[in-house]
Amino acid sequence: MATIIQRRRAVSINPLKSSAPLGAALAYLGIDGSIPLLHGSQGCTSFALVLLVRHFKETIPLQTTAMEEVATILGGSGNMEEALLNLTRRVKPRFIGIASTALVETRGEDYAGDLKLIMDRQPELAHTRVVFASTPDYAGALEDGWARAVSAVISSIVLPWSPAVTPFRQVNILPGVHQTPADIEALKDMVESFGLYPVVLPDLSGSLDGHVADAWIPTTMGGARLEEIEQMARATHTIAIGEHMRAPAELLGSLTGVPLTVFPTLTGLAPCDRLVALLSRLSGNAVPGRYRRERSQLVDAMLDGHFHFGGRKIAIGADPDLLCALSHFFAGMGAEIVAAVASTGNSPSLDAIPAETVIIGDLTDLEDAAREHGAEVLVTHSHGRQGAHRLDIPLMRVGFPIFDRLGTAHMLSVGYRGTRDLIFRVANLFMGQMHDHVPADFADVLPAPIVEESSHVSPPATH
Amino acid sequence: MSESLKAKVTELFNEPGCDKNVAKGEKERKKGCSKPLTPGAAAGGCAFDGAKIALQPIVDVVHLVHGPLACEGNGWDNRHAASSGPTLYRLGVTTDITEMDIVMGSGEKRLYKAIREVIARYAPPAVFVYSTCVPALIGDDVEAVCRHATDKLGTPCIPVNAPGFVGSKNLGNKLAGEALLDHVIGTMEPEVSTPTDINILGEYNLSGELWQIRPLLDRLGIRLHACITGDARYREVASAHRARVNMMVCSTALINVARKMEDRWGIPYFEGSFYGIDDTSTALRAIAQLLVKQGAPADLLDRTEELIASEEARAWQRLAPYRDRLAGKRVLLYTGGVKSWSIVSALQEMGMVVVGTSVRKSTDNDKKKISDLMGGDAHMVDNIPPREMYAQLRRGDADILLSGGRTQFVALKAKVPWLDINQERHHAFAGYDGMVTLVRELDRSLSNPMWQEVRNPAPWEVGDIDAFLDDAPLLVPIS
């Protein structure tokens, strides 16, 4: 079990975490016909928007309640009401997901209560579903915001179980914030190949997979459909990925009575085996031949790839669940996690990380630890580029944000094929750094001569 | 909002150097220049964003943001303001205040410790400390902490008081200028000072644009004392009050700095632009004239004319090969201020047709220039909502869109070429050289064969697959 070290510094230099409202906005983007609304000053939205656009290279619908000085002092519920009305009139979204920010949470009003009053007195909003999640920037990170938004959607949209609910060959999937659209697509495909119907919340694979539509739509296009979210009680099982999705999954379970399984990760042979076995059990179908083949390909990739992992020193910085998934992947292939830095400390998955210590800190902590332990690769998001450059080691980009690479939405790392591809990505990174041997590499083939015995002249005088 | 900040904002709205403000009545001026924000329909950054944009290009200092994570965490290292040396400015440094700091009111203590820690680790010549909404709301006195830290630690700590909720990005630019005036400019003396020293205000060296201008000034023997703030060192800015002339670019973002430097140190200023061939020449001329008026040798004027003549000729010569390729292509220019007209003449010289230019952020002066260049105001467009712009581009109203990142996907999703000419651009478009780059990029974009291919619909969507496959007669359907 790893020792968890909380850095006691007043300053964060090169932050590792992204803020909770951003995570919530991301979750709301996985719903069809949606616009996320950040309740804060316009800068809160503008910074988040720019970052999302840089990551996905897509147009992102994201709006703000534009809190200015007077509203900040007198109260923000008027701005929230006005924003909802303006959005409804202008773009007619089917869904508006509100996430609060540090600014309005510092003021501290009962926004959920205000929202209820607004919805009651504004008939114009009758056709728009509106949910609210409390996500102050000063508490938690991307994961926490994502999970809270999903919980908010579940508690206000999902219809609780009733005798009228007809069971259906449906599996609910609650992906973590670290799943890419490609990951979600692969999971849906897997569930479907067992003759089951997947309902994914949130589903970025429909909305942020990078596609060109035939018209200009000011809301999200694709993603989880509200009608299906309502009917999550029909499922035979719920699969959640990552410890941060446990709370939303349990909330869903308590509302609907649908049993659930939380997978810490779906990267790696053993977790994939568990998933496939579970799907086979749930569906009553035998494992399709293609998975036997894919599994075999993964086993082969592990055999071919292990040469490049064994004894390698890895430094990883990420949100807790991604950190957990990646460190198990690397350690499972024989690499050594010499530096593990988590963005926040509020996750039980940190205990299980296969490293001596886990630091709760920033990219500077990661850089310092990587230098101290001689890490050979830095595994974190794009902001690690400055540190990797200073350390003169390669940067493997994972998580959010990745703004200096294309195709991040299509990077696959779950399932047999995702794990296989991940092994190749890492091995290729190391092969690209292949070192040509020089005599100096073998300087310690013989033990160094002991100084007293071999020196016949007195050592030079020291000054 | 603290009293001092309120006074600052009021003062900025009364800026006598700003034509727009002067033209307003007393009552209107009191309301300020920022348009009221509409919740649910607002775009653009906040005052903190603006302040950061204006100051971050000072490359050798630490920029420390006092606030919760998002303010710095979501926005650091996101622009291409280039440095010729130090990289300290690219660090993302924040106090990342926690719920506990807010509840216990320990924000000021945390800020002081944070300042101490960054000075211990990096020993910068100065620390710029930005206030944000939450510290402003709970009443952290950033100015007092900076004063105390400057005294105790011996490194200048510059408070930048522009919390997001006070207003727009533009107001933030100006508040950043105030911070420079109050705490930086005039606090140091330059090591050298010459009769041809100038400052450029409002140039941020995005993608290295300053380096397209600098060689021109060097050739003329004009010394760029301080660029405020592109690729600037703290010392250069702190001693900028000894320059002879200020040139103000980027419209009026730092007009308060230019005017107050004139008041305090008698440095004349003019507004100019390095976008476009004519504008670059006009700017060089204006610099030379003002310098000569300030006591520089009179031959500077002749040498400037010589350089302009030869560089203009060279630029047009470099542009000539593109004329045939670009003639007749239609451009929609969706930017603001100076750029709404400054590059029009180069595009027209290429035989391109500017079908519209937006005047959203333009002054009356800008509009007059557009009208002179394009014969009337028929081509001026205001704000175009994305849906409308998409429809126009789909219709084929323009062959290419020149704009900023916000409208990038409107063009791309309509399968129309797009070129970034705003702050996130990756190419340097300043000076004579920059105009050649711009035209080259236009050509690269327009002539890419990919456009035709992506516009072709899938064969099964236009009907007859057999017709599509009739060059392969050996394919026989199964049934």
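Student: How many helices and strands does chain A have?
Tutor: In this predicted model, chain A has 18 helices and 15 strands.

Student: What makes chain A as compact as a globular protein of that length?
Tutor: The globule rule gives 23 Å for 463 residues, and the radius of gyration of chain A, at 25 Å, is close to that value, so chain A counts as being as compact as a globular protein of that length. Along the principal axes, its C-alpha atoms fill a box of roughly 100 × 60 × 40 Å.

Student: Which residues of chain A does UniProt assign to a domain feature?
Tutor: The unreviewed UniProt entry places "domain: Nitrogenase/oxidoreductase component" at residues 19-430 of chain A; over that stretch the chain is 47% helix and 15% strand, with the end C-alpha atoms 32 Å apart.

Student: At what angle do the axes of α13(A) and α17(A) cross?
Tutor: The axes of helix α13 (residues 289-309) and helix α17 (residues 415-432), both of chain A, cross at roughly 20° and come within 9 Å.

Student: Why is α13(A) called roughly parallel to α17(A)?
Tutor: Angles under 35 degrees count as roughly parallel, and the crossing is at roughly 20°, so α13(A) is roughly parallel to α17(A). The crossing of the two helices is left-handed.

Student: Which residues make the contact?
Tutor: Among them are A:Tyr291, A:Leu298 and A:Met302 of α13(A), and A:Ile423, A:Phe424 and A:Phe430 of α17(A). By class, the contact of α13(A) with α17(A) has 10 nonpolar, four polar and four charged residues.

Conventions:
Residues are numbered from 1 along each chain as its sequence is written. Chains are lettered from A and ligands numbered from 1 in the order in which they are written. This is a predicted model: local features need pLDDT of at least 70, side-chain atom pairs count only at pLDDT 80 or more; totals for chains, interfaces and linings use all residues. Axes are lines fitted to C-alpha atoms, for helices over the stretch in contact, and angles run from 0 to 180 degrees between N-to-C directions. Helices (H or I, at least four residues) and strands (E, at least two) are DSSP runs, numbered from the N terminus. Angles under 35 degrees count as roughly parallel, over 145 as roughly antiparallel, 65 to 115 as roughly perpendicular and the rest as oblique. A crossing is left-handed if the near helix is turned anticlockwise from the far one by less than a right angle, and right-handed if clockwise. Two residues are in contact if their C-beta atoms, placed from the backbone, lie within 7 Å. Ala, Val, Leu, Ile, Met, Phe, Trp, Tyr, Cys and Pro count as nonpolar, Asp, Glu, Lys and Arg as charged, and the others, Gly among them, as polar. UniProt positions are given in the numbering used here, feature names are shortened, and annotations may be inferred rather than shown by experiment. The radius of gyration is taken over C-alpha atoms; the globule rule is 2.2 Å times the number of residues to the power 0.38.
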